[in-house]
Amino acid sequence: MNNQINIIKKGRPKTIDLERIKNVAMVNYWSDGPTNVSLNEICFKAKISKPGFYREFGGEDGLMHSVLLLYKNTLIKQILNILKLEKPFDETLDLLIEYVIEKRGEEHAKNGCLLAKFRQSRDKFGKETKQQIDIILRERFLGFELWIKKAKSKGEIDHKLSSKFVANYIISQLDYAVSGLANGEKNNNIKDVLTLAL
């Protein structure tokens, strides 16, 4: 008679869905602000135990870092992809305005910019989160700056203006639009202001 030995495998239980946990955290950070959401609340809503949470993310800093990566690979990536379409400068501007005003979705528009919320409270976060905030801001800026340089090389915008200045100006106008929508400004009003500013 053969004795069967059951081996208990250590490691992450298969019931833990990391993507769902990150999405739950992102939605809550986005709607309430990352400094206003407790770890207990995230664990409760994501249906994960604290030991399980710490095993997967190492702590709140690891979770916030993961959430920012998720945000970067969704919304920020979509904006940067618009800049890479190789369309005329004015047409790209129109696409950016359309995306910010109409294509981000009602829920996103209501909650504003998650990156801005993290940036405003940067000093309150851990090392990994701070680094990820800086990386996203840098990548976003470089994407805009490269787009501006290409437009200048084609003679589509004034050569006298520095690419850094124009990139920062456009980013600040788009950030204003996102903030305005979150504060209840009407889409048409924001679109008119953006069209005039850009």
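Among contacts in the protein chain (heavy atoms within 4.5 Å) between residues at least 6 apart in sequence, 64% join residues at least 24 apart. Bear in mind that this is a predicted model, where local features need pLDDT of at least 70, side-chain atom pairs count only at pLDDT 80 or more, and totals for chains, interfaces and linings use all residues. Residues are numbered from 1 along each chain as its sequence is written, and side-chain values use heavy atoms, with hydrogens and water left out.

The protein chain has 10 helices and zero strands; here helices (H or I, at least four residues) and strands (E, at least two) are DSSP runs, numbered from the N terminus. Read from that end, the order of elements is α-α-α-α-α-α-α-α-α-α. Of the 198 residues in the protein chain, 42% are buried. On this scale, buried means under 20% relative accessible area, exposed over 50%, and partly exposed in between, with a 1.4 Å probe and protein chains only.

## The nonpolar core

A nonpolar core is a set of buried Ala, Val, Leu, Ile, Met, Phe, Trp, Tyr and Cys residues joined through side-chain atoms within 4.5 Å. The largest one has 58 residues, and Y29, L63, Y71, F144, W147 and I170 have the most contacts inside it. Helix 4 (residues 60-83) gives the largest share of this core, 12 residues.

Setting aside residues up to four places away in sequence, L63 touches I21, A25, Y29, I42, F53 and F57.

## Two helix pairs

Two packed helices are described by the angle between their axes and the distance between the axes. The axes are lines fitted to C-alpha atoms, for helices over the stretch in contact, and angles run from 0 to 180 degrees between N-to-C directions. Angles under 35 degrees count as roughly parallel, over 145 as roughly antiparallel, 65 to 115 as roughly perpendicular and the rest as oblique.

Helix 2 (residues 39-46) packs on helix 3 (residues 50-57) at about 100 degrees, with the axes 10 Å apart, so this pair is roughly perpendicular. L39, N40 and C43 on the helix 2 side meet K50, F53 and Y54 on the helix 3 side. By class, that contact has four nonpolar, one polar and one charged residues. For the classes, Ala, Val, Leu, Ile, Met, Phe, Trp, Tyr, Cys and Pro count as nonpolar, Asp, Glu, Lys and Arg as charged, and the others, Gly among them, as polar.

Helix 9 (residues 163-182) and helix 10 (residues 187-197) pack at about 170 degrees, with their axes 10 Å apart, so they run roughly antiparallel. Helix 9 brings Y169, Q173, L174, Y176, A177, G180 and L181 to the contact, while helix 10 brings N187, I190, V193, L194 and A197. The contact of helix 9 with helix 10 divides into nine nonpolar, three polar and no charged residues.

E128 sits in helix 8 (residues 127-153) and is partly exposed, because its relative accessible area is 38%. E128 and H65 are 63 residues apart in sequence, yet 5.9 Å apart in space, C-alpha to C-alpha. Not counting residues up to four places away in sequence, E128 touches D61, G62 and H65.

R140 is also in helix 8, and at 9% relative accessibility R140 counts as buried. Beyond its neighbours within four places in sequence, R140 is in contact with L80, L115, R119, I171 and D175.

I148, in helix 8 too, is buried at 0% relative accessibility. I148 and F89 lie 59 residues apart in sequence and 8.3 Å apart in space, C-alpha to C-alpha. Leaving aside neighbours within four places in sequence, I148 is in contact with F89, I157, S163, V166, A167 and I170.

## Positive phi in the loops

K47 has a phi near 55 degrees, a positive value in a residue other than glycine. K47 is in the loop between helix 2 and helix 3 and is exposed, with a relative accessible area of 73%. E86 is not a glycine either, and has a positive phi of about 60 degrees. E86 lies in the loop between helix 4 and helix 5 (89-103).

## Cysteines

A search of the whole structure finds zero disulfides, a disulfide being a pair of cysteine sulfur atoms within 2.5 Å. C43 counts as buried because its relative accessibility is 6%. C113 is buried as well, with a relative accessible area of 16%.
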